[in-house]
Amino acid sequence: MDNGIKFQEYTESTYNFEECTKCTVCTAFCPVLQVNPLYPGPKQAGPDGERLRLRDPNFFDESLKYCLNCKRCEVWCPSEVKVADLIQSARLQYDTTPPKLRDRLLASTDFMGKLARPVAPVVNAVTGLPLAKTAMDVMLKIDRHRTFPKYSASSFEFWLKRRRKEQAVFSEQVAYYHGCYVNYNYPQLGKDLVKVLNALGVGVQLLDGEKCCGIALISNRLTKEATKNAKHNVSVLSKAVESGLKVVTTSSTCTLTLREEYPSLLGVDNSAVKDSILMATRYIYEKLEQGAKLPFRADFHKRVAYHTPCHMQRLGWGIFSEKLLRMIPGLELTVLDSACCGISGTYGFKKENYETSQAIGEQLFSQLRAIQPEVVACDCETCKWQIEMSTGFPVMNPISLLAEALC
Amino acid sequence: MRFDTVIVGGGLAGLIAGISLQKAGKSTAIVSTGQNALHFFSGCFESIQEAPQQVLDIFNEAGIRVHYKPGVRLMPMGTFKESALSLDDVSLFPTPQFGKRVLIINFMGYHDFFSSFLAEGLEKQGMECRIRFLTLGELTQPELGPNEMRAVQIARKMDDVWEKVVQEVRVLLKDEDTVILPQVFGLKDASVPTRIRQGIPAQVVFAGTLPPSVPGIRTQMQLKKRYEVLGGTYLMGDRVTGAHVYQDVVQNVVTKQLDRHYLEADHFILASGSFFSKGLVSNPFKIYEPLFELDMDYNQDRNTWYNPTFANHQPYMGFGVKTDANLQPSRKGVPVKNLYVIGSILGETHPELGSGAGLAIRSALKVTELITK
C-alpha cells in the first residue's frame with residue numbers, strides 16, 4: 001500500500017512553487033516591497049505569477065526587474081518555495097527585450113577587469129572624476145552617486161603565480177576561487193587569505209583558469225554568456241576536486257552562484273563539485289574546531305560589527321564567519337540584525353534603482369550609525385562598496401581581520 | 001559545531017525553550033525553516049489561565065508587553081472568546097458588553113479587516129456601532145503598490161504616521177465611548193498601541209486582521225532578539241534533514257545548508273510544529289514524524305481523521321508524537337534517551353499542557369527544567 005506514497009515525490013513542482021500556501025510571510029519582509037511600490041512583491045512575482053505565466057507567457061510582468069535577488073524570501077518561506085529563483089528564471093525565460101549596453105558593461109566584470117588593469121591608474125582617475133560620473137549618469141544611466149571600485153595595477157593571479165613554489169611546500173593544499181574583485185580590484189584580500197591559510201599549514205593554488213562566476217550576467221539576463229562561464233568553471237573546479245582539493249572562496253555571492261545558481265537557474269550540473277566549494281571562513285572554522293591553532297597577536301584590539309550579506313544568509317553560513325570573529329582575541333563583536341544593504345551587485349549602480357537601493361540600506365545604515373564600529377566585517381564586496389559609500393565606516397572581509405590579528 | 005542543546009524549530013516553543021536554557025547558562029542553537037505560527041498569532045496566549053512569574057519574566061525581559069486579566073477578548077469576526085494572558089495589544093473584558101456606543105475605524109481599500117462583521121457581532125451584544133473609513137495619503141496605491149494592502153505593509157507606514165490616525169479619530173469621535181482599530185500598529189515599537197490609547201479620549205480596542213499578524217511578527221522579532229542577546233545561535237532559513245542516533249541516543253543532526261557539518265549536542269528538542277510546518281506529515285496512508293520516525297499517537301483508520309463538517313473540531317489536529325510524562329518520545333517502542341518533544345507537534349496528546357501558545361510555553365518550560373536539573 002505504501003507504493004502510493006511515491007506519487008507525492010513525482011508531483012514536486014519547479015522551484016517547489018506549488019508548496020506556496022499564500023501565507024504572505026515573504027511579503028512581510030521583502031526589502032524592495034517596503035520601499036518601491038512599483039514592485040509587485042515576491043508572492044505575486046513568484047509563485048502567484050508563475051501559475052499565470054505557465055498558462056500564457058504574456059502574463060510576464062516587466063516589473064520583476066525590481067527584484068534584488070537577495071533571496072531573503074527564500075530564507076523566510078516556511079514552505080521552502082524557491083521564490084527568488086522563480087522570479088529570476090521568469091526574467092531569463094520570458095523577458096525578450098535585449099539587455100542594454102549599460103547592463104552589458106556592468107555585467108562584464110571579467111572583460112572590464114582585463115581591459116582596465118594595464119591602464120589602472122588612468123581608469124581609476126577617470127572614473128573618479130565628477131565630469132566622468134556625470135557623463136556615465138547621463139549617457140549610460142549609471143548613477144552619479146556611485147563610486148566605481150578601483151582597479152589594481154597588478155592582478156592577484158599574477159601575484160600568486162610568482163609564489164607557486166613557496167606555496168607548494170605546504171603538505172596540505174587548497175584551490176582558491178578568488179573571483180573578479182580579488183583579481184582585478186582588491187588583491188589584498190587574496191593575499192590575506194594566503195597569509196591565514198599558510199599560518200594553518202595550508203598552501204594555496206589557483207584554479208586552472210577560473211572565469212567570473214557570472215552572477216552579474218545572470219542578473220542582467222546575459223544567459224548565454226553566464227552559461228558559458230558556468231560550464232567552464234565547473235570543468236576547472238572538477239579538475240581541482242578530482243585531484244583531491246577543496247576549493248575555498250572569499251565572496252558569499254560567488255559561492256552562492258557556483259553552488260546554487262548554476263544548477264537552479266542555468267541548468268548546469270555542478271553536483272560533482274558543489275560539496276567541495278566552501279567559504280574560507282567555514283574551511284578555517286572547521287580546521288580550528290579540529291584542533292588547528294592560529295598564532296594571534298596579543299596587542300590586537302578592534303570594535304567590529306558583523307553584517308551578514310544576503311547571500312551568506314541564504315547559504316546559512318554566517319554562523320562560521322561570526323564564530324571565527326569571536327575567536328579573535330581583542331575583537332569586540334556586535335552582530336547586526338540581518339538586513340539587506342540595498343546594492344545587490346549591479347542593481348544599485350543603475351540610475352533607476354539608486355533611490356530604492358539607498359532606502360533599503362537604511363535599516364542597516366541606521367544600526368551602524370548607532371553602534372559606531374571601528375570596522376564593519378562582511379563577506380561580500382558589493383556590500384562593502386555600499387556600506388562604505390553610504391556610512392563612511394570601513395568594511396573588511398573577516399579573512400582580512402583574521403590576517404591582521406595574526407602575529 | 002557543538003552545543004549543550006540543539007532545538008529543531010524556531011517558533012514560540014523553540015524560542016521559549018532556547019531563551020530559558022540560555023538563561024540557565026546552557027549554550028543552544030535553534031534551526032528554523034523559515035517563519036512560523038507566530039505570524040498568525042492572535043496576540044492572546046491561548047489556554048493559559050494563570051500567569052506564572054517565570055513566563056511573565058521571559059516576556060518582560062524581551063520587552064514584550066503582556067497583561068493578565070481573565071475574561072473575554074473580541075475576535076476578528078465580532079464574537080468573543082475566553083482569555084487571560086495577552087499582549088497589551090489585545091483588550092480583555094470581564095463581559096462581552098464592553099461599551100455602549102462604538103466607533104469602528106477601517107482604512108479605505110483595506111479588505112483584511114472585517115469592520116461590518118465586527119459591527120454585526122457587537123450589535124448582537126446590544127452595542128451601537130458606527131463604521132468610518134480613513135483615507136490616508138500614505139495608504140494610497142502610489143505609496144503602497146497595487147497588491148500589498150496588507151497588515152504588515154500598513155503597519156510599516158503606521159510606524160511613522162500613527163499620530164495622524166489618532167488625530168483623525170479624535171475628529172471623527174462623537175459620543176462613542178469605545179473606538180475599535182485594526183491591529184496594524186507598533187510593528188517596530190511595542191509602545192505605540194499604548195500611546196494610541198493615551199491619545200484618544202475613549203476606550204481603544206484593537207481587533208485582529210487577516211494574517212500576517214502585526215503583534216505576532218513583532219513578538220517573534222522580540223523573542224528572537226532576546227534569544228540572540230542571551231548568546232543563542234538562531235539558524236534562519238535552514239532545515240534539519242536528518243539525525244544520527246546511536247544506541248538510542250541522538251548524536252547530532254544534519255541540516256540542509258550545513259550538510260556535512262553536523263550540529264552536535266547533549267540534548268535535542270524537537271519543536272518542529274504541526275502539519276503546516278511539516279513537523280508532522282500526512283499522506284493517504286499514514287501520519288508520521290519525518291525526522292526521527294518517532295512513534296505516533298493517532299488512529300490508523302483514515303476515515304476517523306477528519307470531521308466532514310469543516311468548522312467542527314478536526315480529529316487530525318489532536319494527533320501528535322507519542323511521549324512519556326517527561327515529553328520523551330520513542331522509536332518502535334524504544335525510548336530515545338536525550339530527545340524531547342515540545343509545542344504543537346504534540347497535538348492533543350497532553351491535554352494537561354493545553355493547546356496553542358499555552359502548550360508551546362508549558363512544554364518548553366517543562367523540558368528546560370528536565371534538561372537543567
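Entry 1: I started at A:Gly244, which takes a positive phi of about 90° just after H16(A). I took helices (H or I, at least four residues) and strands (E, at least two) as DSSP runs, numbered from the N terminus.

**Entry 2: ground rules.** I noted that this is a predicted model: local features need pLDDT of at least 70, side-chain atom pairs count only at pLDDT 80 or more, and totals for chains, interfaces and linings use all residues. Residues are numbered from 1 along each chain as its sequence is written, chains are lettered from A and ligands numbered from 1 in the order written, and side-chain values use heavy atoms, without hydrogens or water.

**Entry 3: H16 itself.** I checked the span of H16(A): its 20 residues reach 28 Å from first C-alpha to last, close to the 28 Å expected at 1.5 Å a residue. The expected span is 1.5 Å times one less than the number of residues. I then listed its buried residues (under 20% relative accessible area, 1.4 Å probe, protein chains only). Among them are A:Ala226, A:Asn233, A:Leu237 and A:Val241. Their cover includes S1, H15 (215-219), S3, H17 (252-266) and S4 of chain A; contact means heavy atoms within 4.5 Å.

**Entry 4: the sheet.** I traced 4 strands of chain A in an open sheet, order S2-S1-S3-S4, with parallel pairing. Two strands pair if DSSP finds at least two bridges between them. The edge strands are S2 (202-206) and S4 (277-279) of chain A, each pairing on one side only. H16(A) packs on this sheet, touching S1, S3 and S4 of chain A, and its direction makes about 125° with that of S3(A). Axes are lines fitted to C-alpha atoms, for helices over the stretch in contact; angles run from 0 to 180 degrees between N-to-C directions.

Terms used. Buried < 20%, exposed > 50% of the residue type's maximum accessible area, 1.4 Å probe, protein only.
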